[in-house]
Each structure stands twice: as structure tokens, then as C-alpha cells.
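Subject: Structure for you, with notes on the chain contact

Hi,

Here is the structure I promised to pass on. Please open it next to this email.

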Amino acid sequence: MSQTNAPRPIVTHFFDEPTNTFSYVVQDPNSKSCAILDSVLDFDYAAGRTDVRSADEIIAFVRDNGLEVEWILETHVHADHLSAAPYLHEALGGKTGIGAKITVVQDVFGKAFNAGTEFARDGSQFDRLFEEGDTFTIGSLEGRVLHTPGHTPACLTYVIGDAAFVGDTLFMPDYGTARCDFPGGDARTLYRSIQKVLALPGETRIFLCHDYKAPDREEYQHETSVEEQRRHNVHVHEGISEEEFVKMRTERDATLDMPKLILPSVQVNMRAGHMPPAEDNGQVYLKVPINKF
Amino acid sequence: MKTFDLSRSTGAGNPDVAGFFDPRTFSVQYVVSDPATGKCAIIDPVHDFDEKSGATATHHADELLAYVAEKGLEVEWVLDTHPHADHFSAARYLKERTCAPTAIGEKVVEVQKLWKKIYHWPDFPADGSQWDRLFAEGDTFRIGELEARVMFSPGHTLASITYVIGDAAFVHDTLFQPDFGTARADFPGGDAHQLWRSIQSILALPDETRLFTGHDYMPGGREPAWESTVREQRETNKHLAGSVTEDDYAVMREERDSELPMPKLILHSLQINTRGGHLPEPEANGRRYLKIPLDALEGAAWE
């Protein structure tokens with residue numbers, strides 16, 4: 001890909017501080033077309049309450065700018081927040097998309113949560129399942145899909161013009177990389193996925209899914225570049241071998257707690273953000289498997 | 001951090017009280033023993049739970065059992081003061097290990113009815129049959145030669161009771177340490193006016209009554225503490241000292257409660273604790289699941 005010819009999408013970020021998540025609206029500079037990536041449904045676990053404040057901000061932005069949503073995309077089945085994709089879809093239209101390996105994730109977690117037969121494990125909850133190398137368009141922009149597993153088996157990177165949305169692979173260079181200890185995660189696989197991302201042109205803008213600040217950094221940051229990552233990423237800068245990375249990542253993961261919202265998030269996100277079916281009293285319940293994870 | 005303290009008997013008829021603090025849930029568990037006979041009761045034991053992974057453990061309950069064994073005590077009762085909203089009760093586990101009967105206040109039946117609806121358990125027997133004994137107001141029982149008496153103290157929950165054992169009272173979520181104040185009254189079935197009246201009954205106990213609270217939140221970063229006296233509470237409790245009236249208190253309590261998020265384990269805990277500490281029955285795959293009702297609790301501040 002010739003870097004000089006890469007179109008430059010307009011990227012607007014939305015930060016959800018309770019879950020440290022960045023959602024994005026990626027806009028074609030030559031039309032009103034856009035895509036929404038990795039939206040957040042607000043969730044108060046203690047009270048079991050959901051809210052759409054964060055999603056409404058995105059809706060307001062899209063409407064204020066007269067944008068047309070072509071895609072509502074997920075980089076993966078998130079384990080730290082609930083997706084607002086169904087709510088955004090209802091308000092704004094657009095097709096939903098995620099990685100084709102979602103079926104692996106649906107199989108694992110469908111079992112873990114003992115989901116009923118109503119829960120299809122074939123990805124049919126999404127309008128499109130992307131494979132490595134697939135392309136799609138946002139107005140005049142072309143999007144291209146890299147399969148970047150490791151954090152989860154279904155993780156994708158969306159390369160749209162000169163911008164790459166890397167999901168949970170790389171974080172800011174001073175913070176490092178995503179954990180690999182969830183079901184289906186693998187540190188060696190993540191290393192190889194990251195190499196794919198780092199093989200993009202050096203000027204490629206990288207947009208992160210999360211930031212947690214780093215020691216000695218006061219501000220949240222969401223954007224970096226391939227070149228910066230190659231030079232400075234504390235976990236995978238040039239010169240760090242696969243073996244070194246795997247050792248570091250495995251040791252570090254062993255010290256991490258499960259994310260606070262993994263159990264609620266995964267069972268909703270495996271359903272493309274839809275809640276499980278209500279019981280016969282009309283009430284929806286999430287499930288917490290005891291002593292499974 | 002201090003997680004254990006022994007408050008020794010102040011004389012015949014009065015118990016030794018060993019307090020065990022759980023920093024994860026800020027809960028205090030007690031082993032109350034009769035120095036004359038070596039008989040004891042366990043009050044408000046914690047079954048460990050990690051809500052992130054859904055894993056349970058019995059570290060704290062086993063610590064209580066180790067203490068009982070080390071001191072050569074015999075467990076006569078496994079007691080809860082109320083169905084807790086912030087931790088799982090280990091009553092069931094300890095009953096299995098010690099064969100001692102379990103007990104709680106009889107109004108637990110009302111709490112069961114309330115949560116049976118929220119959790120949608122059509123077949124759940126909301127009749128208190130999950131415990132060996134349900135205490136009524138004024139009921140008495142013995143721990144060795146110690147006299148124990150039950151006072152209803154609703155307000156935090158409608159089933160809350162205080163156990164008065166010799167010169168010690170286990171007040172759980174009514175009064176906290178004087179520098180922290182009192183318990184919230186905004187859970188389903190809670191009531192600030194009732195809590196005030198329950199607290200007045202506790203403060204009418206003899207001045208030197210040792211009060212043992214159910215939680216400590218270590219205000220200002222001080223060490224955990226859980227013992228006070230009626231006199232100290234009356235004179236220095238930050239929610240009560242001075243000329244506070246019932247109405248003043250209720251207004252303060254309700255305003256403060258309106259700013260508190262729900263405890264992080266309320267939806268998890270109540271489905272264990274309304275079942276006497278039993279986990280839910282397994283599904284067809286053999287695994288047990290807790291249920292988290294969505295958008296069923298209204299009104300609390302956002303977490």
C-alpha cells in the first residue's frame with residue numbers, strides 16, 4: 001500500500017472513563033459516510049442497571065454532523081464493557097460487523113453460560129463476519145481487515161485509509177500490550193498479530209481501544225503511530241523477540257485480576273450486544289457462573 | 001492491618017469475643033465464647049467470593065474453624081444478624097463442618113418474599129425453612145452458660161436483629177464505629193425511621209455494654225476497629241451525638257443514602273443469603289449460576 005496515496009479519514013474519539021474504552025466515529029472526508037467502532041453501553045454492575053448516555057453522545061455527534069452510518073463495527077468480543085451496537089443500529093441504521101472467529105468465542109461462552117438453543121453459535125447475530133484480507137467501504141474510503149488474534153481468537157484490526165483501529169493488541173507505547181489470558185487468548189499469537197500491525201507503513205495512525213494512563217503520565221491518550229510503536233512500545237519495540245515477549249506477557253498476566261465486567265460483558269457481547277431473552281416474568285437476567293473462571 | 005482482636009470476658013456470664021475482619025468486604029465476623037464451658041457461637045461468617053471471576057472460597061470460614069479448634073471450643077450456633085447485601089454468608093458451610101444449628105431473625109421470610117420476586121424463583125419456599133431456628137423479638141437461647149437474647153433492630157433491612165449475649169451486643173448494620181456513623185437504610189425493605197428507633201433501643205442498653213459492629217470502613221485510613229460501648233456511641237457517634245431528633249436523623253440518612261451507589265455484591269449476595277447460604281441449584285450442565293436482574297433496582301446513585 002502506498003502511504004502517500006492513503007486517504008485520511010476524519011476520526012473522532014469518545015472516551016468512557018469507567019471502562020477506559022475509546023469508541024470512534026470514522027468518517028469519509030469526501031462524503032457523509034461513517035462507521036462507528038467499539039461502542040459502549042453504560043452499565044452499573046452493583047445495581048444491575050444499563051444506560052445509554054455514552055451511546056447518545058455518539059448519536060448526537062452523528063446527527064449534528066449529518067453523517068450516515070454505514071457500519072457499526074466491533075474489533076472483538078469485549079470483556080470489559082457492554083456493546084451498544086443494537087441501540088445504535090436502531091437509532092442510526094448501518095450494518096454490524098465483527099471477526100468471523102466470533103463463532104469460536106460464541107461456542108466457548110455459550111457453553112460457559114449454558115445459553116439455550118435460541119443462542120446461535122454461527123455469528124448470525126451480526127450482518128457481516130470479516131476474514132483476514134476482507135475489504136469494505138465507508139463512502140469513498142476502503143477498509144481492510146487484518147485478523148489479529150491473541151487477546152481473543154476473534155480480534156480484528158480495521159485498517160481504514162491511513163488509520164488502523166487495533167482493538168486490544170497494542171496500547172500506548174508507554175503502557176504496552178493487551179493481556180492474553182482469557183479463554184482462547186495466546187501470547188505467542190498476539191506477538192505475531194502485533195508484527196502484522198507493525199508491518200503497516202510507519203506513518204499509519206494507530207487508534208487504541210483502551211488507555212489506562214501509564215506511570216508518570218497524567219492524560220489519557222488514544223492515538224499513536226506504527227513508527228512510535230516500533231521504536232518505543234515497552235513490550236514489543238524492535239529488538240524484543242517472540243520468546244521474550246511470551247515470557248513477559250505470561251508472567252504479567254498471572255498477576256492480573258479478571259476485569260470487573262468480564263462476566264456481564266461477554267454474555268451480552270457474544271450476542272452482538274443483545275440481552276439474553278427475558279424469563280417468563282418479562283425480566284432479563286444476566287448469569288454469573290460460579291467457580292467456572 | 002489489624003484483622004483480629006480478642007475482647008476478653010469482663011466477668012462471669014460475659015463472653016470472650018474474637019473479631020475477624022475481612023478487608024475485601026469490610027465485614028467483621030465473630031466467635032463468641034463462654035469462658036466457663038468452652039461453648040461458642042459464630043456470628044456473621046463470610047463465604048469469600050470474587051465477583052470478577054465468579055469464584056468462591058472458604059478462607060475466612062476456615063480461619064474461624066481454625067480458631068475454634070485451636071482454643072478447643074465447641075460451636076453451638078451459627079448465627080446471622082440479617083441477610084447481608086455485601087458478602088455471602090458462610091452459615092451453610094459452617095453448619096456442614098460443625099453440625100451446629102443455624103439461625104436468623106424470623107422476618108427473613110419477608111425479605112425472602114421480596115427477593116423471590118426480583119430473582120423470579122417461582123418454586124422457592126419463602127418460609128425460612130433454610131435455617132434451623134428463626135428468632136422472634138425477645139427470644140432467648142444459651143451458649144454454654146451464657147444467656148443470649150434477641151432484639152429486633154429493623155431499618156437497614158426489615159429482618160435485622162441484635163444478639164445481646166451477656167454484656168456484649170452484636171448490632172451489625174445499625175451502628176458502626178462512632179467516627180463512621182450508622183448503616184444505610186435504602187435497600188429494599190429498609191427504613192430510616194425504623195433504623196433510628198432500633199438504634200434507640202440499642203442505646204437503652206446499659207452504658208458499659210460492649211457493642212460489636214458488623215462493618216468497619218476505616219475512615220481517614222485508621223486501623224480497622226469494631227468494638228465500642230453504649231456510652232461511647234451515645235456521646236460521640238457522628239450521626240447521633242447532640243440533640244438529633246428522629247426526623248433530623250431520617251432526613252440526614254435519606255439524603256446521604258441517595259448519594260450512595262448500591263453495594264457491589266447486593267445482587268449476588270441476596271440470592272445466597274436469602275437461601276441460608278446455599279448456592280443456587282445447578283443447571284442441567286451441572287454448573288451453578290447466580291442471576292443478575294437488569295434494571296430491577298431503581299433509585300440508587302450510579303456506581
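This is a predicted model: local features need pLDDT of at least 70, side-chain atom pairs count only at pLDDT 80 or more; totals for chains, interfaces and linings use all residues.

**The contact as a whole**
The contact draws 36 residues from chain A and 38 residues from chain B. Together the two chains bury about 3300 Å². Of that area, 52% lies on carbon and sulfur atoms. Three residues supply 25% of what chain B buries against chain A: K52(B), L294(B) and W302(B).

**Polar links**
There are 23 residue pairs in polar contact across the interface, counting pairs with both residues at pLDDT 80 or more. Three salt bridges cross the interface of chain B and chain A. One of them pairs K52(B) with D257(A). Their closest N and O atoms are 3.0 Å apart.

**The chain B side**
Four elements of chain B give two or more residues to the side that touches chain A. They are strand 6 (55–57), helix 3 (108–119), helix 7 (266–273) and strand 17 (289–293). Strand 17 of chain B has the largest share, with five residues. By residue type, this side divides into 21 nonpolar, ten charged and seven polar.

**Strands across the interface**
Strand 17 of chain B also pairs with strand 15 (residues 285–289) of chain A. The two run antiparallel and are joined by five bridges. Within this pairing, K287(A) has K291(B) as its bridge partner.

Best wishes

Note on methods: Residues are numbered from 1 along each chain as its sequence is written. Chains are lettered from A and ligands numbered from 1 in the order in which they are written. Side-chain values use heavy atoms; hydrogens and water are left out. Contact means heavy atoms within 4.5 Å. Buried area is the accessible area (1.4 Å probe) that two parts lose on being put together, summed over both. A salt bridge is a side-chain nitrogen of Lys or Arg within 4 Å of a carboxyl oxygen of Asp or Glu. A polar contact is a pair of N or O atoms within 3.5 Å; within protein, one must be able to donate a hydrogen and the other to accept it, and residues adjacent in sequence count only if both atoms are side-chain atoms. Ala, Val, Leu, Ile, Met, Phe, Trp, Tyr, Cys and Pro count as nonpolar, Asp, Glu, Lys and Arg as charged, and the others, Gly among them, as polar. Two strands pair if DSSP finds at least two bridges between them.
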